[in-house]
Amino acid sequence: MSLEGKIAVVTGASRGIGRAVALRLGAMGARVMVNYVSRPEAAREVAEEIRASGGWAEICAFNVADSGVTEAAFKKILDDHGRIDILVNNAGITRDGLLVKMKDAQWDEVLATNLKGAFTCTKAVSRAMMKQRWGRIVNISSVIGFAGNAGQANYAAAKAGLVGLTRSVARELAPRNITVNGVAPGYIVTDMTRDLPEEINEKIRGEIPLGVLGEAEDVAGAVAYLVSEDARYVTGQFIHVNGGMYMG
Ligand code: NAP
């Protein structure tokens, strides 16, 4: 599954799932743009790790929730490299709270990053991919977007929104040989979930038929498949990487 010669942009690639995806795509031969928003040193480490294994990587800072900055960043990538072949919309945040107590700011921040961010990045690469007549877009949703979760109405709405975005854009871009798919991870050990109290982790494990929390590499494996030639006839689909906790 070689991605030799392909340019890949992975948003939120400095840590967690995005980091694992960037490393995997780098190992497959893609030239990887490692996006981050606040931690340049973490992004630099990811890029260095890709280079140390013989790959190619650059870091690029932009806040996906800021459409002006994001559009300018994609324009620069296109000016510098002439193409973008793969986009992984992974950047995401949580601002949890019960609906009755949820502030507008909690709702707005989560929707702006997790849903509008993916819209902005997708729009920014679409024209170039259409001209190339080849492209792969993968949106990282969540089991929460399919099953819902008390205390995460904002996050669930954003992640469910990504499902509609994925399927609509998949239909729009299919005639130009661009596939648009998603991965819906379950509970994956990253900074986002690391600090959950042990009793919550225990409860979650009890709801997972495979009995363990997932690793970022489990999600990276699904992304690797979706961007490969093996998945050329797959579009508008979601792969659930969740140990069986939700069977969609
Ligand atoms: P994480 O460890 O908290 O890492 C988040 C990443 O996103 C970091 O690289 C961060 O950059 C970046 N980021 C945050 N806001 C951004 C913004 N506005 N613009 C650009 N980059 C931004 O999260 P994770 O657990 O790996 O989650 C990655 C994705 O998977 C998210 O979309 C999340 O919703 C989804 N997901 C996670 C789980 C899970 O169990 N962990 C389950 C289902 C879905 P900095 O390092 O610069 O802050």
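Ring pairs join F146, F238 and Y246 into a cluster. Keep in mind that this is a predicted model; let's work through it.

**Exercise 1.** Work out how the rings of F146 and F238 are arranged, and which parts of the chain they tie together.

*Solution.* Start with the count: the structure holds three aromatic pairs. Now take F146 and F238, whose ring centres are 5.6 Å apart with 65° between the planes. Rings pair if their centres lie within 6.5 Å, and planes over 60 degrees apart count as edge-to-face, so this pair is edge-to-face.

**Exercise 2.** Decide for F146 and F238: buried or partly exposed?

*Solution.* The cut-off for buried is under 20% relative accessible area. F238 comes in at 13%, so F238 counts as buried. F146 has 24% relative accessibility, so F146 counts as partly exposed.

**Exercise 3.** Find what sits over the ring of W134.

*Solution.* Look for K6: its charged end sits over the W134 ring, 4.1 Å from the ring centre.

**Exercise 4.** Trace how strand 2 and strand 3 pair, and which unit they make with helix 2.

*Solution.* First, the pairing: strand 2 (residues 31-36) runs parallel to strand 3 (residues 56-61), with six bridges between them. To pick out one partner, go to V34, whose bridge partner in strand 3 is I59.

Conventions. Residues are numbered from 1 along each chain as its sequence is written. This is a predicted model: local features need pLDDT of at least 70, side-chain atom pairs count only at pLDDT 80 or more; totals for chains, interfaces and linings use all residues. Side-chain values use heavy atoms; hydrogens and water are left out. Two strands pair if DSSP finds at least two bridges between them. Helices (H or I, at least four residues) and strands (E, at least two) are DSSP runs, numbered from the N terminus. A crossover is right-handed if, with the strands pointing away from the viewer, the path from the first strand over the helix to the second runs clockwise. Rings of Phe, Tyr and Trp (its six-membered ring) pair if their centres lie within 6.5 Å; planes under 30 degrees apart count as stacked, over 60 as edge-to-face and the rest as tilted. Buried means under 20% relative accessible area, exposed over 50%, partly exposed in between (1.4 Å probe, protein chains only). A charge sits over a ring if NZ of Lys or CZ of Arg is within 6 Å of the ring centre and within 35 degrees of the ring normal.
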